[in-house]
Amino acid sequence: MASLMELKEIFRSADAVCFDVDSTVIREEGIDELAKFCGVGDAVAEMTRRAMGGSVTFKAALTARLGLIRPSYEQVQKLISDNPPELTPGIRELVSRLHERGVQVFLVSGGFQSIVEHVALQLNIPTANVFANRLRFYFNGEYAGFDETQPTSESGGKGKVITHLKEQFNFKKVVMIGDGATDMEACPPGDCFIGFGGNVIRKQVKEKAKWYITHFDELLKELEER
């Protein structure tokens, strides 16, 4: 197991950094915001808490939550336009600094492609670097399920994305940053996990992560070390 000092060195010399999105890059949980928008906020928020704590499989929790919300295409688009996701303080500067250093930045999320692509646009991250879940709609715009072939739709999916990135780009050091159990599980194959508690603190992650931060400034300072 790598020491904190070794993890910091991996971060400073990383080829790629993968960020979770909900409660990490943005302040809210996209699926909870969508549920509130569709009038089933409380029930879905409770399901999210259980999923993030790691007590149920991610796919089971996602299926159950979307079965309650049943969002239409119009509702998803209206949510993005009326209530755009709020970026976490410091993330814009951190991503910009990583880009300056030639580090590839990816958004790897259990959230929804349309919302995550909107976030990527604000951070100058190419949409090709977005890995998220895709909602399906019938021709009339009604909810028709989600694409279950996406790796991010199941537990362990973020690790599969990192394996894919290493194989495709020959990355040697990949860092995963996030607030939840599914992010922590991605290392290995990720080489360094950084737990983030700036928006919400997940007890399990805080206790188990060797490196745990509450503000992105802490990572900016690490990059200035060299």
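**Figure 1. Salt bridges in the predicted model.** The structure contains 15 salt bridges, a salt bridge being a side-chain nitrogen of Lys or Arg within 4 Å of a carboxyl oxygen of Asp or Glu. The model is predicted, so that local features need pLDDT of at least 70 and side-chain atom pairs count only at pLDDT 80 or more, whereas totals for chains, interfaces and linings use all residues. Residues are numbered from 1 along each chain as its sequence is written, and side-chain values use heavy atoms, with hydrogens and water left out.

**Figure 2. The salt bridge between K158 and D183**. The two side chains meet at 2.6 Å, N to O. K158 belongs to helix 9 and D183 to helix 10 (residues 181-184), so the pair links distant parts of the chain, 25 residues apart. Helices (H or I, at least four residues) and strands (E, at least two) are DSSP runs, numbered from the N terminus. K158 is buried, with a relative accessible area of 7%, and D183 also counts as buried, at 0% relative accessibility. Buried means under 20% relative accessible area, exposed over 50%, and partly exposed in between (1.4 Å probe, protein chains only). Elsewhere, salt bridges that share partners join K8, E9, R12 and E222 into one network.

**Figure 3. The salt bridge between D147 and R136**. The closest N and O atoms of this pair are 3.5 Å apart. D147 is placed in the loop between strand 5 (143-146) and helix 9 (157-169), and R136 in strand 4 (residues 135-137); the pair links distant parts of the chain, 11 residues apart. D147 counts as buried because its relative accessibility is 10%, whereas R136, at 43%, counts as partly exposed.

**Figure 4. Packing of helix 7 with helix 12**. Two packed helices are described by the angle between their axes and the distance between the axes. The axes of helix 7 (residues 91-100) and helix 12 (residues 217-224) come within 9 Å and cross at roughly 25°. Helix 7 is therefore roughly parallel to helix 12. Axes are lines fitted to C-alpha atoms, for helices over the stretch in contact, and angles run from 0 to 180 degrees between N-to-C directions; those under 35 degrees count as roughly parallel, over 145 as roughly antiparallel, 65 to 115 as roughly perpendicular and the rest as oblique. Helix 7 contributes E93, L94, R97 and L98 to the contact, and helix 12 contributes L219, L220, L223 and E224, contact meaning heavy atoms within 4.5 Å.

**Figure 5. The salt bridge between E224 and R97**. The side chains of E224 and R97 meet at 3.1 Å, N to O. Because E224 lies in helix 12 and R97 in helix 7, the pair ties together parts that are 127 residues apart in sequence.

**Figure 6. Cis peptide bonds at P188 and P189**. C187 and P188 are joined by a cis peptide bond with omega of about -10°. The bond from P188 to P189 is cis as well, with omega near 10°. P188 is located in the loop between helix 10 and strand 7 (192-196), and P189 lies in the loop between helix 10 and strand 7.

**Figure 7. Positive phi values at R70 and N124**. R70, a residue other than glycine, has a positive phi near 45°. R70 is found in the loop between helix 5 (58-69) and helix 6 (73-82) and is partly exposed, with a relative accessible area of 49%. For N124, likewise a residue other than glycine, phi is positive and near 55°. N124 sits in the loop between helix 8 (113-122) and strand 3 (130-133) and counts as exposed at 64% relative accessibility.
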